[in-house]
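Welcome! Take a look at the structure below, and then we will walk through a residue and an interface together.

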Protein chains: 2
Amino acid sequence: MSETIGFIGLGHLGLPMATNLLKAGYSLLVYNRTASKAESLVVQSAQLVSRPVDVVTSGGIVATIVWDDAALESIVMSDGFLEHLGPNGIHLSMSTLLPETSKKLAAIHAQHGSVYIDAPIFGIPEAAIAQKLWIPFAGPQKAKERVRPLLQAMGGQGIFDFGEEVGAANIVKLIGNFLIGSAGYSLKEALSMAEKNGVDPKAVVDMLTQTLFPAPIYQSYGKRIAEKTVLFSQSAIPLKDTGLFKKTAQQVESATPIASLLYELLRSDEGKAYTLPTASSKPDTSS
Amino acid sequence: MSETIGFIGLGHLGLPMATNLLKAGYSLLVYNRTASKAESLVVQSAQLVSRPVDVVTSGGIVATIVWDDAALESIVMSDGFLEHLGPNGIHLSMSTLLPETSKKLAAIHAQHGSVYIDAPIFGIPEAAIAQKLWIPFAGPQKAKERVRPLLQAMGGQGIFDFGEEVGAANIVKLIGNFLIGSAGYSLKEALSMAEKNGVDPKAVVDMLTQTLFPAPIYQSYGKRIAEKTVLFSQSAIPLKDTGLFKKTAQQVESATPIASLLYELLRSDEGKAYTLPTASSKPDTSS
């Protein structure tokens with residue numbers, strides 16, 4: 001495989017995914033706002049460029065995975081990006097975005113004869129390295145078939161087709177992240193109650209993940225909470241994505257009682273390392 | 001096995017569990033407030049009695065599974081119940097209760113030389129019939145060993161020991177039910193958002209239960225929501241148990257933001273068959 005792929009966004013997920021592509025034999029043109037993050041890829045023969053447009057091959061594939069809607073829009077609108085991609089070009093957009101942003105960008109690409117596919121990524125960096133990512137995708141059928149091997153090479157162990165309408169995959173992504181957040185905070189609330197009642201949180205997690213909740217999310221969050229390590233890696237992602245979920249729901253007048261509460265809980269926890277309260281942290285009233 | 005067991009409470013779970021005991025060869029003395037519910041058991045040679053005390057064998061085992069704390073307390077306090085159970089008697093209490101009720105009842109039993117074990121049941125009636133119940137239990141070690149085969153015979157595919165302190169198993173039960181409710185309502189909120197955005201809820205559930213949430217709860221609730229059937233069987237149990245979770249948490253000053261919201265959501269849904277809103281149920285503004 002000597003096909004050259006443009007790759008923009010070398011964050012916690014983007015970097016291992018680009019690395020996987022190089023290992024699979026693809027040639028890469030890479031761009032990242034902070035150029036130094038490309039060092040390990042350059043060593044492996046990727047070519048680092050200084051403008052987004054320089055990763056674009058006419059009629060080729062550009063993959064992007066950036067922080068948010070605004071970052072992606074500024075790339076797409078940067079000088080020459082769309083003109084260069086042109087007819088038969090595919091923008092494989094892997095960021096977590098508002099579905100309406102995906103739809104808007106898809107329309108803009110269509111005006112230039114190119115295709116926009118949304119394919120946001122489920123997985124932590126360790127899962128990208130281990131090639132165990134889950135990827136929902138949506139867009140025109142032929143273009144999806146063309147990018148499918150690429151998604152597999154990036155580390156997608158499972159790729160799920162949500163039809164031709166761009167935006168659908170991002171709806172699934174926002175739902176997944178909302179359910180992860182809800183499960184995590186519910187576990188935190190439940191295990192805190194257990195511990196304050198003298199019941200070992202680890203024993204509770206052990207039973208529940210062997211019975212009702214044998215799911216990776218409950219296993220990993222349960223372990224983190226029981227061991228009093230950081231719940232959400234102090235990341236700003238859960239807050240951002242819960243905000244996107246709320247906005248997407250509210251645009252269609254779908255009620256968000258739990259997402260709204262979760263948003264407030266995440267906001268109040270933002271930047272804090274989460275630890276369970278312990279008996280010794282209770283106010284000392286003995287003296 | 002010709003050991004005679006006392007059994008009180010022939011509800012949706014109690015009846016199939018008692019049936020399993022008969023099939024396993026135990027002899028049963030049964031009591032239920034509504035005597036007619038014992039009919040199928042009597043046909044299978046169980047002996048129906050007219051007062052709770054009449055199921056009690058001195059030094060034997062009495063299993064109870066009743067609606068709530070008050071129902072269980074009235075049985076324990078009924079004439080002769082504790083006196084009859086006496087030294088070496090075991091009360092195997094399988095109802096979902098406030099942990100403090102379990103502790104109080106354990107102390108009262110101890111005054112009569114008998115032992116109280118809490119062993120609330122995780123499972124729907126179909127799981128009881130299929131002998132696929134999950135049972136956490138807590139209480140004095142020797143008594144737990146004596147009732148373990150009984151719990152297995154009732155349908156316990158997994159029995160989890162939460163130590164000697166009575167009440168711990170009910171804390172686990174309340175946590176499990178809270179997490180089930182939280183997962184169910186979160187899914188409902190998420191799939192409603194998907195549907196109103198034109199994304200098929202079934203496809204979302206299919207992906208999520210193959211990836212992040214391969215748990216029976218997400219599978220069964222996801223299916224029910226996607227197929228617009230009843231979410232919580234119009235049962236009063238989730239509301240009752242969420243109330244018990246809140247009370248147990250608040251007694252130890254553990255915060256309950258999600259449980260409190262869930263309680264309000266359950267209260268507003270009480271008695272309603274839950275169905276997802278559909279496009280056609282939107283207000284018609286076309287005419």
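## A residue in a strand

In chain B, strand S4 covers residues 61–64, and Thr64(B) is found in it. Keep in mind as you read that this is a predicted model.

Is Thr64(B) buried or exposed? Its relative accessibility is 0%, and because buried means under 20%, Thr64(B) counts as buried. Setting aside neighbours within four places in sequence, you can find Thr64(B) in contact with Ile8(B) and Leu72(B), and also with His91(B), Leu92(B), Ser93(B), Met94(B) and Ser95(B).

## Where the two chains meet

Now let us turn to the interface. Chain A brings 54 residues to the contact, and chain B brings 54 residues too. Between them, the two chains bury an area of about 4800 Å², with 78% of it given by carbon and sulfur atoms. On the chain A side, Glu189(A), Met193(A) and Met207(A) supply 15% of the area buried against chain B, more than any other three residues.

How many salt bridges are there between chain A and chain B? The count is zero. Polar contacts do turn up across the interface: 13 residue pairs, with both residues at pLDDT 80 or more.

## The chain A side

Which elements of chain A touch chain B with at least two residues each? They are strand S7 (133–137) and helices H8 (168–196), H9 (201–210), H10 (216–226), H11 (237–251) and H12 (257–269). H8(A) gives the largest share, 20 residues.

By type, this side of chain A divides into 41 nonpolar, 10 polar and three charged residues.

Technical notes
Residues numbered from 1 in each chain as written. Chains lettered and ligands numbered in written order. Predicted model: local features only at pLDDT ≥ 70, side-chain atom pairs only at ≥ 80, totals over all residues. Heavy atoms only, no water. Helix = DSSP H or I, 4+ residues; strand = E, 2+ residues; numbered from the N terminus. Buried < 20%, exposed > 50% of the residue type's maximum accessible area, 1.4 Å probe, protein only. Contact = heavy atoms within 4.5 Å. Buried area = accessible area lost by both parts, 1.4 Å probe. Salt bridge = Lys/Arg side-chain N within 4 Å of Asp/Glu carboxyl O. Polar contact = N/O pair within 3.5 Å; in protein donor to acceptor, adjacent residues only side chain to side chain. Nonpolar A, V, L, I, M, F, W, Y, C, P; charged D, E, K, R; others polar.
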